[in-house]
Amino acid sequence: MAGGTEDIEALIDIMAKLPGLGPRSARRAVLHLIKKRALLMQPLADAMTQVAATARECLTCGNIGTSDTCSICSDSERANGQICVVEDVADLWAMERGHAFKGRYHVLGGTLSALDDVGPEELRIPKLLDRIRSDGISEIILALNATVDGQTTAHYIAGELEGSGVTVSSLAQGVPVGGELDYLDDGTISAALRARKAF
Amino acid sequence: MDWRDEGVLLAVRKHGESAAIIEVFTPSRGRHAGVVRGGAGRRMAPVLQPGAQLDVAWRARLEDHLGAYTVEPLQGRAAEVMGDPLALAGLTAVCSLLTFCLPEREPHPELYARSIALLDALGAAQWGYAYLRWELALLDEMGFGLDLSACAVTGKNDDLAYISPRTGRAVTRTGAGDWADRLLPLPASLLGRSDAGAEDVLSGLSVTGHFLSGHLARALGEKPLPAARQRFVDRLARGQTRP
């Protein structure tokens with residue numbers, strides 16, 4: 001690139017660090033933004049400045065919003081006694097996309113991991129137990145990933161809640177919508193078979 | 001440089017956006033790491049779960065390079081045990097202890113065979129006892145084996161009741177004398193009594209835990225034992241105390 005473009009290079013370098021982007025795609029994106037400066041770049045810069053100043057973790061559930069209590073936790077209609085436990089904010093947003101769950105959430109911020117030495121204290125598990133005690137929760141739905149670490153975490157939480165009187169459930173495992181059996185891995189097929197129901 | 005073998009997947013770590021660095025325990029190459037291109041993707045996620053039996057082909061320009069794996073699944077184990085907290089805790093304990101203890105690229109074919117037999121029996125009755133025997137074999141393979149064949153003091157092999165926390169040698173009741181309170185109790189499960197109860201197995205795990213953390217982990221640089229082992233022991237104890 002010609003000289004005198006250090007600021008643009010710096011922007012490209014930052015953009016290249018974003019997920020899904022590499023140096024070449026970051027360069028294309030920056031060039032596109034520069035071409036659409038008024039229409040795209042300035043509003044983007046304003047929005048980013050605004051979000052950078054206001055984005056924060058919800059003190060109750062760990063969701064990301066622009067106030068200390070997120071819109072889900074402050075919605076009184078969602079106080080139905082159910083908490084859906086997810087690993088990450090991205091999982092919470094995925095659940096919300098489906099509009100299927102009408103209760104509240106709790107973001108753990110990760111899973112127990114033997115490899116990375118992540119224990120219960122590093123996650124928001126103590127905070128979850130506090131919420132269950134103080135908010136009159138009747139059901140915990142464990143929506144954790146179907147991985148060894150995800151399910152280890154789920155069993156740990158279920159163990160902690162044993163004898164508390166709270167119903168603990170988890171998401172079903174099996175054939176995804178649009179899934180073809182021929183393309184499924186053996187583990188998913190056997191999990192689906194074990195979780196079969198009357199038809 | 002390239003080779004092909006089968007092995008059990010011990011650990012997976014995301015590398016960049018779509019790749020993963022995996023650690024595989026193979027019979028001829030020991031614990032061996034390598035990159036799997038696309039290993040963090042949706043297609044490979046069910047395959048790359050700890051405990052999976054894989055057919056792996058490793059390739060690198062030089063032998064000391066990290067190298068890249070291509071993997072084919074032979075047998076998944078995680079999906080079978082995800083609903084069973086004790087078996088899942090056992091699987092995690094085995095994989096994390098092997099990752100913790102084994103030096104890289106050093107073959108341990110006997111330990112490999114024992115580990116596969118243990119993982120194949122996951123969830124079976126008396127699995128806790130099998131796990132205890134496996135920990136004994138692990139200690140032995142790492143050079144911290146217990147000598148429970150005869151008393152370190154009298155040389156006799158009947159009435160063995162204690163074990164020295166320092167040397168790992170068995171001691172009889174008479175041989176212990178006034179030193180008994182400084183020795184670890186020797187449960188029947190460590191002497192090969194497969195009919196030993198769950199409480200006895202837990203006592204055995206307490207002894208192996210002492211040697212794993214106090215001797216083996218110390219030799220590896222004072223690193224703490226993986227928490228997954230304690231979670232398995234706690235889970236086993238909970239099963240024992242549940243009404």
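Biologist: Is A:Asn63 buried or exposed?

Modeller: The model is predicted, and the reading is computed from it. A residue is called buried when its relative accessible area is under 20%. A:Asn63 has 5% and is therefore buried. This residue sits in the loop between strand S1 (56–57) and strand S2 (64–65) of chain A.

Biologist: Which side chain joins that of A:Asn63 in a polar contact?

Modeller: The partner is A:Trp93, at 3.2 Å. Beyond four places in sequence, A:Asn63 also touches other residues, among them A:Cys58, A:Cys70, A:Ile72 and A:Val107.

Biologist: How is B:Tyr129 to be classed, buried or exposed?

Modeller: The same cut-off of under 20% applies. B:Tyr129 is buried because its relative accessibility is 13%. Helix H4 (residues 127–141) of chain B contains this tyrosine. Its contacts beyond four places in sequence are B:Ser189, B:Gly192, B:Arg193, B:Ser194 and B:Val201. For B:Ser194, 65 residues away along the chain, the C-alpha separation from B:Tyr129 is 6.8 Å.

Biologist: How many residues of each chain are in contact across the interface?

Modeller: Chain A contributes 23 and chain B 24. About 1900 Å² is buried between them, with carbon and sulfur atoms giving 55%. On the chain A side, A:Leu115, A:Val148 and A:His155 lose the most area to chain B, together 34% of what that side buries.

Biologist: What charged and polar pairings link the chains?

Modeller: There are 2 salt bridges, including one between B:Arg13 and A:Asp116 (3.2 Å, N to O). H7(A) provides the largest share of the chain A side, 7 residues.

Notes:
Residues are numbered from 1 along each chain as its sequence is written. Chains are lettered from A and ligands numbered from 1 in the order in which they are written. This is a predicted model: local features need pLDDT of at least 70, side-chain atom pairs count only at pLDDT 80 or more; totals for chains, interfaces and linings use all residues. Side-chain values use heavy atoms; hydrogens and water are left out. Helices (H or I, at least four residues) and strands (E, at least two) are DSSP runs, numbered from the N terminus. Buried means under 20% relative accessible area, exposed over 50%, partly exposed in between (1.4 Å probe, protein chains only). Contact means heavy atoms within 4.5 Å. A polar contact is a pair of N or O atoms within 3.5 Å; within protein, one must be able to donate a hydrogen and the other to accept it, and residues adjacent in sequence count only if both atoms are side-chain atoms. Buried area is the accessible area (1.4 Å probe) that two parts lose on being put together, summed over both. A salt bridge is a side-chain nitrogen of Lys or Arg within 4 Å of a carboxyl oxygen of Asp or Glu.
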